[in-house]
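Reader: I would like a close look at a single part of this model, the surroundings of the ligand. Please put the answer in one connected account, with the backbone and helix packing alongside it.

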Amino acid sequence: MSVDLASFPKGGVAVVFGAGGGIGGALAAALRELDTFAHVAALSRSTTPAIDLLDEASLDRAARFAAAQGDLRLVIDATGFLHDAGQKPEKTWRQVDAGNLARSFALNATGPMLIMKHVLPLLPRSGKAVFATLSARVGSIGDNRLGGWYAYRASKAALNQFVRTAAVELARRAPEAICIALHPGTVATSLSAPFEASGLEVHTPEAAARHLLAVTDGLTAADNGGFFDWRGQPVPW
Ligand SMILES: NC(=O)c1ccc[n+]([C@@H]2O[C@H](COP(=O)([O-])OP(=O)(O)OC[C@H]3O[C@@H](n4cnc5c(N)ncnc54)[C@H](OP(=O)(O)O)[C@@H]3O)[C@@H](O)[C@H]2O)c1
């Protein structure tokens, strides 16, 4: 599948927050191959400027750095946290830990909200502009049949509410702008590696990037505030 992002005005700026991650890295690489955008700003904890979800000033600096290069036409937040050596998804409420919950909310909900706080006011007031954050289908309340993964599920559900709320405010200031949550599918990255159940369709990061960019290409202002999967299908809240 080739994606040309022809629906976006040419010559603007595309930004990836979390470009050091599996999906974020593939998104930045795919965006650089297109001539739709004059600049691609790939931002991570190890770039200049660096971004840290736990440091609001770094998000403000990064947003202004990107906007100084031209009109922000496509901004994708590909950050996120599921597990590390000290924190695993909970299988039962017995494993719920206040510190781990706070950490997941800080990284999956508050951090992306602070990115929105600093990026959305910088989107152009006219012409197509998209802010998309990578959420997850397991953050869907309506689709929750398996249970477990308390911190990840609830922090992504909070992220979804932030997206919807910010989208309402964005529409008043920039009627053609679009703020959405995206489910990338199951993608082979270090985030998903310990949890890939057999039978699940698993995409490469490169394929996921193509899918997600194709979804952004098809968006119109009527999609503002939505939650879509990698096929462009709405996901229940
Ligand atoms: N992979 C899947 O199957 C899957 C499925 C559903 C949803 N998602 C979502 O897709 C998004 C990307 O996931 P991925 O699979 O690409 O995972 P990943 O490879 O682990 O990437 C996660 C990214 O988050 C960044 N990050 C973590 N903590 C940060 C912090 N404090 N400040 C700044 N950046 C921070 C990481 O930055 P560093 O590079 O600096 O570590 C990395 O770029 C996540 O939101 C995830 O929940 C993934």
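**The ligand and its surroundings**

Author: Leu5 sits in the segment before strand S1 (12–17). The model is a predicted one, and in it the phi of Leu5 is near 55°, a positive value in a residue other than glycine. The peptide bond leading from Thr48 to Pro49 is cis, and its omega is near -5°.

Now to the ligand. There are 27 residues around the ligand, and those that come nearest are Gly22, Arg45, Thr79, Tyr152 and Thr189. By class, the shell holds 11 nonpolar, 13 polar and 3 charged residues. At least two shell residues come from each of H1, helix H4 (150–173) and strand S6 (186–187).

Thr79 uses a backbone N or O atom, which is 2.6 Å from an oxygen atom of the ligand. Gly80 likewise places a backbone N or O atom 3.1 Å from an oxygen atom of the ligand. With Asp52 the side chain is involved: one of its N or O atoms is 3.1 Å from a nitrogen atom of the ligand. As for cover, the ligand on its own exposes 900 Å², and the protein buries 87% of that area.

Gly22, already listed among the residues that come nearest to the ligand, also takes part in a helix contact, as one of the H1 residues that meet H5. Helix H1 (residues 22–33) packs against helix H5 (residues 205–218) at an angle of about 65°, and the two axes are 8 Å apart. The crossing of H1 past H5 is right-handed. From H1, the residues in this contact are Gly22, Ile23, Ala26, Leu27, Ala30 and Leu31; from H5 they are Pro205, Glu206, Ala209, Leu212 and Leu213. Sorted by class, the contact of H1 with H5 comprises 9 nonpolar, 1 polar and 1 charged residues.

Terms used
Residues are numbered from 1 along each chain as its sequence is written. This is a predicted model: local features need pLDDT of at least 70, side-chain atom pairs count only at pLDDT 80 or more; totals for chains, interfaces and linings use all residues. Side-chain values use heavy atoms; hydrogens and water are left out. Axes are lines fitted to C-alpha atoms, for helices over the stretch in contact, and angles run from 0 to 180 degrees between N-to-C directions. Helices (H or I, at least four residues) and strands (E, at least two) are DSSP runs, numbered from the N terminus. A crossing is left-handed if the near helix is turned anticlockwise from the far one by less than a right angle, and right-handed if clockwise. Contact means heavy atoms within 4.5 Å. Ala, Val, Leu, Ile, Met, Phe, Trp, Tyr, Cys and Pro count as nonpolar, Asp, Glu, Lys and Arg as charged, and the others, Gly among them, as polar. A residue is near a molecule or strand if one of its heavy atoms lies within 4 Å of it. A polar contact is a pair of N or O atoms within 3.5 Å; within protein, one must be able to donate a hydrogen and the other to accept it, and residues adjacent in sequence count only if both atoms are side-chain atoms. Accessible areas come from the Shrake-Rupley method with a 1.4 Å probe; for residues, only the protein chains shown count as cover.
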